[in-house]
Amino acid sequence: MFEIKKGVYLKTTKTTLGMGVTAREQELKSYYLADILDENRIRVQLLDIHGKPLALTEEIGMEEFEGHFVFQPDFYKNLKSLDEIKVDRIITRAEKHYENNEYLSAEYEYKQALSLEPIPF
């Protein structure tokens with residue numbers, strides 16, 4: 001028997017993008033917050049890219065839930081904040097400048113990243 005816990009679940013859906021010779025299969029990953037309503041129904045609520053619940057909710061049966069959703073116990077531990085995402089982007093730009101011998105631009109980008117990064121004490 002499938003044990004259902006309250007928490008975040010991953011649903012992976014395969015879809016085809018394009019038509020004809022340009023068609024290709026794509027895997028879409030969506031995260032949902034699951035809440036048990038009773039022994040036969042689960043309410044799932046779609047999460048946005050920052051892990052916050054959206055207004056989209058759906059009640060589904062236990063069989064459908066068991067077949068399509070996978071529990072993600074470490075979802076919030078692995079989620080990056082907006083500042084962390086911004087710092088990662090800036091560092092990527094800085095590294096590209098450095099590889100192209102654009103040292104002043106690289107220095108500027110690294111300083112931008114440092115100004116956003118909190119200093120631990």
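Trainee: Which helix is among what covers the buried residues of H3?

Mentor: This is a predicted model: local features need pLDDT of at least 70, side-chain atom pairs count only at pLDDT 80 or more, and totals for chains, interfaces and linings use all residues. Numbering starts from 1 along each chain as its sequence is written, and side-chain values use heavy atoms, without hydrogens and water. Helices (H or I, at least four residues) and strands (E, at least two) are DSSP runs, numbered from the N terminus. Contact means heavy atoms within 4.5 Å, and the cover over the buried residues of H3 includes helix H4 (103-116).

Trainee: Which exposed residues does the face of H3 turned away from its buried side carry?

Mentor: The buried side has Val87, Ile90 and Ala94. Turned away from that side, the face of H3 carries the exposed Leu82, Arg89, Lys96 and Glu99.

Trainee: How far apart are the end C-alpha atoms of H3?

Mentor: H3 (residues 82-99) has 18 residues. The expected span is 1.5 Å times one less than the number of residues, so it should be 26 Å. The end C-alpha atoms agree with this, at 26 Å.

Trainee: What is the strand order in the open sheet?

Mentor: Strands pair if DSSP finds at least two bridges between them. S4 (53-61) and S5 (69-71) stand at the edges, so each has a single partner strand. Pairing is antiparallel, and the order of the five strands is S4-S3-S2-S1-S5.

Trainee: How many bridges join S1 to S2?

Mentor: S1 (residues 7-17) and S2 run antiparallel. Gly7 stands opposite Ala34 in S2. Six residues lie between the two strands in a hairpin, and Gly18 in the turn has a positive phi of about 85°. The bridges joining S1 to S2 number eleven.

Trainee: Which residue in S3 is the bridge partner of Asp35?

Mentor: S2 (residues 24-36) and S3 (residues 41-47) pair in the antiparallel sense over five bridges. A hairpin joins them through four residues. Across from Asp35, the bridge partner in S3 is Arg43.

Methods
Buried means under 20% relative accessible area, exposed over 50%, partly exposed in between (1.4 Å probe, protein chains only).
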